Amino acid sequence: MAKPKVLVTRRWPQAVEAKMAEVFDLDLNRADKPLTVTELKAALGQYDAVLPTVTDRLPAAVFDRAGSRTRILANYGVGFAHIDTEAAKAASITVTNTPDVLSECTADIAMTLMLMVARRASEGERELREGRWTGWRPTHLIGTKVSGATLGIIGFGRIGQAMAQRAHFGFGMKILVQNRSAVPAEVLARYNAVQVPTIEDLLPECDFVSLHCPGGAANRHLINSHRLDLMRPGAFLINTARGEVVDEHALAQALWFGTIGGAGLDVFEREPQVPEALLGADNLVLLPHLGSATRETREAMGFRVLDNLTDFFDGRQPRDRVA
Ligand code: DGY
């Protein structure tokens, strides 16, 4: 039987590409640039499986019920708001993602941002590299203590819980949780966490707020100027979820006027573009979407895609089916 024809839309870790090429008739996007909607539409007519990433937009216009050869979109990543899953379903295309394997590393980056912004690490490094450091003094670059502070976690799935684990056990933080469904009592008890009904209940109580909810239209600008106003004046906002969850314009204003103490961002609404107003803010740490960027995790994500594809083409239900 002919091997399924598979398109990988970006370059993946070498070990995964090699394994994939043994199992499938594999094409790689050697240019390693995001594919356009037109290119993706064409790919859906040519391949049995397309393996997109967060940089590939797959709106309804990409799907053509009649002309699609593709039966599965096996996304390399946990977030899949860039795929119109309703349109995929209507075109009888299965969609999978790669949960679990990136939770720890994404929480590590959220923790990194939290520590860096609270302890003014980026400001300090800039000062030192630019030759502006004049030596130790008692009032130099005074930051905010993280240990023992209150952390609000919005979205308490796998990554939110990995964040709670670090914050509770590593830093003795008090944890408040806001989640769209009730979190089981035993899960909250693990981190001595308290679930509050609404974001409005959470924000005024926290020194740090970390976002771990999905992106997409439903959560677009979940953190807006009204909600930034509800945060404590010295509080910090951390976003490793999706850029669209935060209104970047409102955040830039809040940073500029000191409505909040600072922020740490790993994701942006129009990646790789970052608004000028954010680039100019000192009390802000910016990272280029590094959440899952470790060798171990990127390989594990690839092998998870491989498992999903193998299940699918062997006639089993892929474990990470999301649509
Ligand atoms: C994810 O897995 O969703 C990461 O943000 C990369 O897409």
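The end C-alpha atoms of residues 111-291 lie 11 Å apart, and this span is 33% helix and 15% strand. UniProt, in an unreviewed entry, assigns these residues, 111-291, to the feature "domain: D-isomer specific 2-hydroxyacid dehydrogenase NAD-binding". The structure is a predicted model. A separate domain assignment divides the chain into domain 1 (5-101 + 295-313) and domain 2 (103-286).

**Annotated spans**

- The unreviewed UniProt entry also lists "domain: D-isomer specific 2-hydroxyacid dehydrogenase catalytic", which it places at residues 22-322.

**Domain arrangement**

- The centres of domain 1 and domain 2, taken over C-alpha atoms, are 31 Å from each other.
- Contact between the two involves five residues of domain 1 and seven residues of domain 2.
- On the side of domain 1 that touches domain 2, two residues are nonpolar, two are polar and one is charged.

**Five-stranded sheet**

- Five strands form an open sheet with parallel pairing, in the order S2-S1-S3-S4-S5.
- Strand S2 (25-28) and strand S5 (94-96) are the edge strands, and each of them pairs on one side only.
- On average, neighbouring strands of this sheet are turned by 15 degrees against each other, direction ignored.
- Within the sheet, strand S3 (residues 49-51) runs parallel to strand S4 (residues 72-74), and two bridges join them.
- Alanine 49 has isoleucine 72 of S4 opposite to it.

**Seven-stranded sheet**

- A further open sheet consists of seven strands in the order S8-S7-S6-S9-S10-S11-S12, again with parallel pairing.
- Its edges are strand S8 (193-195) and strand S12 (284-286); each has a single partner strand, so one side of each is left without a neighbour in the sheet.
- Strand S10 (residues 236-239) and S11 run parallel and are joined by four bridges.
- Phenylalanine 236 has glycine 262, in S11, as its bridge partner.
- Helix H6 (residues 158-171) lies across strand S6 (150-154), strand S7 (174-178), S8 and strand S9 (208-211).
- The direction of helix H6 is at about 170 degrees to that of S6.

**Ligand surroundings**

- The residues surrounding the ligand are Thr53, Val54, Gly77, Val78, Gly79, Leu102, Gly291 and Ser292.
- This shell comprises three nonpolar and five polar residues, with no charged residues.

**Backbone geometry**

- Most residues other than glycine have a negative phi, and most peptide bonds are trans.
- Aspartate 100 has a positive phi, near 70 degrees, although the residue is not glycine.
- Aspartate 100 is located in the loop between S5 and helix H4 (103-118).
- The peptide bond joining glutamate 271 and proline 272 is cis, with omega at about 5 degrees.
- Proline 272 belongs to the loop between strand S11 (262-265) and helix H11 (276-279).

Definitions and conventions
Residues are numbered from 1 along each chain as its sequence is written. This is a predicted model: local features need pLDDT of at least 70, side-chain atom pairs count only at pLDDT 80 or more; totals for chains, interfaces and linings use all residues. UniProt positions are given in the numbering used here, feature names are shortened, and annotations may be inferred rather than shown by experiment. Two strands pair if DSSP finds at least two bridges between them. Axes are lines fitted to C-alpha atoms, for helices over the stretch in contact, and angles run from 0 to 180 degrees between N-to-C directions. Domain bounds come from an automatic or database domain assignment. Ala, Val, Leu, Ile, Met, Phe, Trp, Tyr, Cys and Pro count as nonpolar, Asp, Glu, Lys and Arg as charged, and the others, Gly among them, as polar. A residue is near a molecule or strand if its C-beta atom, placed from the backbone, lies within 6 Å of it.
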